[in-house]
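Here is a predicted model to go through by question and answer.

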Amino acid sequence: MQLLFIQSLLDGDYRTFFIKLIIILSLWLVAVLATLIDLKTGINASKRLGNFKTTSSGLRQTLKKDFQYFTLLIVAFLFDFVFSYLTSLTDVISLFALFKVPLFTITSVIIVLAIEGISIKENLEKGRKEIISPDMMNKALDIIGELGDDKIKAIAQILKNNKKNDRLS
């Protein structure tokens with residue numbers, strides 16, 4: 001099967017054309033799955049860090065990112081569609097045979113998967129690393145021990161008030 005979009009349309013071979021579209025759409029589906037996995041790992045990471053809040057702005061950012069990805073994928077598809085015409089010129093320049101496959105779409109999906117893969121990796125690492133080394137923790141405890149009870153109680157009260165203010169906002 002030749003992946004020449006325009007030739008399939010010109011020949012009236014809609015079955016082959018739709019098979020080619022299914023190939024493109026399945027690549028797009030892989031990109032969508034990657035963004036959904038990123039969203040899920042991001043939510044889990046924020047829960048681990050204790051700052052999970054479902055907000056419309058957070059979900060809007062995800063939709064904005066998806067819209068940008070789909071814009072890239074649609075432009076790549078259009079490039080594939082237009083450049084597939086060049087495969088008819090492979091007798092003149094053999095390099096044009098590259099455009100028998102959806103090269104731009106495949107490249108774009110790989111870029112999206114790389115970006116989302118990095119984001120997923122970062123989300124999986126969030127909240128799992130030691131923030132303070134044991135030596136630093138011991139030094140902090142020594143300093144706190146030297147403060148005295150009244151200063152420790154004042155700091156604890158400030159932290160409690162701060163926590164209450166975070167819940168209210």
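Q: Why are α2 and α3 called roughly antiparallel?

A: Helices α2 and α3 are roughly antiparallel to each other because angles over 145 degrees count as such, and this pair, made of residues 14-49 and residues 56-83, packs at about 155 degrees. Their axes are 11 Å apart.

Q: Which residues make the contact of α2 with α3?

A: From α2 the contact takes Phe-17, Leu-21, Ile-24, Trp-28, Ala-31, Val-32, Thr-35, Asp-38 and Leu-39. From α3 it takes Thr-62, Lys-65, Asp-66, Tyr-69, Phe-70, Leu-73, Ile-74, Phe-77 and Phe-81. By class, the contact of α2 with α3 has 13 nonpolar, two polar and three charged residues. The crossing of these two helices is right-handed.

Q: What makes α2 roughly parallel to α4?

A: The angle at which α2 and α4 pack is about 15 degrees, and their axes lie 9 Å apart. Angles under 35 degrees count as roughly parallel, so α2 is roughly parallel to α4. The crossing of α2 and α4 is left-handed. In the contact of α2 with α4 there are 14 nonpolar, six polar and three charged residues.

Q: How do you know that α3 is roughly antiparallel to α4?

A: Helices α3 and α4 pack at about 160 degrees, with 7 Å between their axes. The cut-off for roughly antiparallel is over 145 degrees, and therefore α3 is roughly antiparallel to α4. The crossing of α3 with α4 is right-handed.

Q: Which residues of α3 and α4 meet?

A: On the α3 side they are Lys-65, Tyr-69, Leu-72, Leu-73, Ala-76, Phe-77, Phe-79, Asp-80 and Phe-83. On the α4 side they are Leu-103, Phe-104, Thr-105, Ser-108, Val-109, Val-112, Ile-115 and Glu-116. The contact of α3 with α4 divides into twelve nonpolar, two polar and three charged residues.

Q: How much space lies in the largest pocket, and which residues are the closest to its centre?

A: The largest pocket holds about 420 Å³ of space. It is lined by 18 residues, and the closest to its centre are Leu-39, Gly-42, Ile-43, Gly-58 and Thr-62.

Q: What is the make-up of the lining of the largest pocket by class?

A: The lining has four nonpolar, eleven polar and three charged residues. Gly counts as polar here, and Gly-42 and Gly-58 are among the lining residues.

Methods
Residues numbered from 1 in each chain as written. Predicted model: local features only at pLDDT ≥ 70, side-chain atom pairs only at ≥ 80, totals over all residues. Heavy atoms only, no water. Axes fitted to C-alpha atoms, helices over the stretch in contact; angles between N-to-C directions. Helix = DSSP H or I, 4+ residues; strand = E, 2+ residues; numbered from the N terminus. Parallel < 35°, antiparallel > 145°, perpendicular 65-115°, else oblique. Left-handed = near helix turned anticlockwise from the far one by under 90°. Contact = heavy atoms within 4.5 Å. 1 Å grid on protein atoms, 1.4 Å probe; cavity = no way out; pocket = protein on both sides within 12 Å on 5 of 7 lines; lining within 4 Å. Points joined across faces, edges and corners; volume = space filled by probe spheres on them.
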